[in-house]
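Colleague: Please take a close look at one residue and its setting, and then go on to the charged pairs.

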Amino acid sequence: LDVSMDTWNFSYTCLVSLWLHRFYIYSAVAFGICVWIVVQFFTTKTKKKGKKSNGNLASSEGTEDKLVNGYAPLQAREVRVAGVKIFYGSQTGTAKRFARDLAEAVISLNLPVEVISMEDYDPDDCLAEETTSRNICVFLVATYTDGQPTESAAWFCKWLEEAANDFRFGKTYLKGLRYAVFGLGNSVYVEHYNTVGRNIDRWLWMLSASRIMTRAEGDCNVAQSKHGSIEADFEAWKAKFLNRLQALCRGEKKPCSGKCKKGKCKSSGKQSKEISDHEHGASEYENTEVEELFETSSEEESDAEEAGGTNSVIDVEDLGNIMSHMKKSKVLLLHWVQNFKIDGLVHFLFSGYKLIGSHSGVKLCRWTKSMLRGRGGCYKHTFYGIESHRCMEATPSLACANKCVFCWRHHTNPVGTEWRWKMDQPEMILQEAIENHQNMIKQFKGVSGVKADRFEEAMTAKHCALSLVGEPIMYPEINRFVKLLHQHSISSFLVTNAQFPEEIRNLEPVTQLYVSVDASTKESLKRIDRPLFKDFWQRFLDSLKALSEKQQRTVYRLTLVKAWNVDELKAYADLISLGKPDFIEVKGVTYCGESSASNLTMANVPWHEEVVHFVQELAHLIPDYEIACEHEHSNCLLIAHKKFKMDGEWCTWIDYDRFQELVREHEGSGGSKTFTAADYTARTPHWALFGSRERGFDPLDVRYQRKNKARDISGC
């Protein structure tokens, strides 16, 4: 017991002593930690300095196991730069000469190099491969007449522009591609000085490619050239590029100290200042209300992404309230005037659109381009036999009465419930639509893969899809416009959002009339379409009733959005019995990218097999209909009324020549001689039918799978 008590007393005394001297103990521990941190800091710093000095020493001595001529050693077994690809677009040969000169300089660094004319390069097939190739891509591009690219670079630039503004590619399509741009221009033409180089730089950045150095611009105007001539401008840029290339080969990722702010680089301030001064001098002509982005630093790009990036959305109807000015924007600031003049929206808010007059537009569909190259047509080719390369996608009204959550234009078009704009005549709209369509087709002349016979055919439009954007039926002269189409032997596919029942009743015969049925209940329609009319549901039902009175071909168009409208089968069946359409197209929603206009994500996009399952269940509820066709590539199926199954064979295709005869007879009789959908049918080929091995892809074409595909680009 005494031993136990002694032990306890000793332990107690020690604990009390530790407690009384705890301050000294804490101080000793803190001091030890500080010493350890300091030692670790200086040790790491010494190691880094040692590695750097060893690398420099080895480079100066020329040893084999260190850096040689500025590129990565074999010992490291890591190829930081696999080679250099030099793309040039030249009209007079200057850019080509510069490309060869640069190639010789790169070869002197023992790096593989390839000089490529943009005319001989297909970016659609090959450019995405550069995201993983570890090559450096250099673009030497000249600006030609009126700020346009040279003939040899026209297709490359057009493709790049459309890819940068097409949600199907995605904003990270070229992530991993490293590039540099040198533009050739003449500052005498101040309005178009080096436009092409600036555009290519911007489009590549919009697709998440990484510029390895600031864009440079050569000036043929010796009075304004920074170095006295365009050749001297190129030599100065070439020296900087070679230095940067060597740095990349050594594994240096940043071209500067990394302490950049708003385009002012502390480590290369002189260079940035020179470029800034030069560009400022070349752009003094610009209106102070319209600012164009010429340079961005990595910090600015980060700021832009935080603000919404390239997918930021500006609703046109809000322009008058929120767009007084926008500095360093990717779009030109344009004014929305009282009578809806939108001339300036052509290039930026509606990229790829050709605006006509004050309220119409035309655009080249991606399926038109696809079929020109023998890569397959759209679902209308599969379901109805249109020739996609001869289809003109247009609208006589950009305005719409809905703000659908899946709107593929992100609501950049105006909205309204009535026509309140200055009206253009249908003759002018059609003439300019055809001219613009032909001009867009002409740009494909000589493009790799384009079939000569289809190119010639495409110059004469045979079909018009009035589904580009907006609500075509709002146009007061829609009947005159449709008649003009038919007089030009152009078939008409008109789409309406089922909010204008009287206009549907008064509509003259069209080849095929669509109604978008995006939901089957009042609540879900309000959530999905977000209509502007207060009596939207009654208008919707009245529109379907009006559709049932039509004698020509009618179609319900269902867009499936997972977690929004895929569980309303019985309600859909009831709506089908109300409108009695000839056909029902069911398509999975196409993801249009991130947008403040919608909270949809890829999770809302149904898989094709899910769409098939939905269609099969719906077909069981509508006994007068069967599944007829499928276009897997568009994630779309067609349900057809059994009256189009003649003698055991589906006849969903259209006899377009017969339709033109019938509509001429109808108009010649003053409307007394009518005709029905059954009068201009044609047999559907086997490959287009549901269950076929081809799953709706025309065997005469070759299906193209995009290389480096990392996203869903389906849709139409």
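Modeller: V566 is partly exposed, with a relative accessible area of 23%; buried means under 20%, exposed over 50% and partly exposed in between, with a 1.4 Å probe and protein chains only. This is a predicted model, in which local features need pLDDT of at least 70 and side-chain atom pairs count only at pLDDT 80 or more, while totals for chains, interfaces and linings use all residues. Residues are numbered from 1 along each chain as its sequence is written, and side-chain values use heavy atoms, leaving out hydrogens and water.

V566 sits in the loop between β15 (553-560) and α19 (569-579); helices (H or I, at least four residues) and strands (E, at least two) are DSSP runs, numbered from the N terminus. Leaving aside residues up to four places away in sequence, V566 touches L560, V561 and F614, where contact means heavy atoms within 4.5 Å. A519 is 47 residues from V566 along the chain, and their C-alpha atoms are 8.8 Å apart.

As for charged pairs, the whole structure has 33 salt bridges, each a side-chain nitrogen of Lys or Arg within 4 Å of a carboxyl oxygen of Asp or Glu. One of them joins D101 and K238 (3.4 Å, N to O). D101 belongs to helix α3 (residues 94-107) and K238 to helix α7 (residues 230-249), so this pair ties together parts 137 residues apart in sequence. D101 is partly exposed at 24%, whereas K238 is buried at 11%. E217 and R198 also form a salt bridge, with their closest N and O atoms 2.7 Å apart. E217 is buried at 9%, and R198 is buried at 6%.
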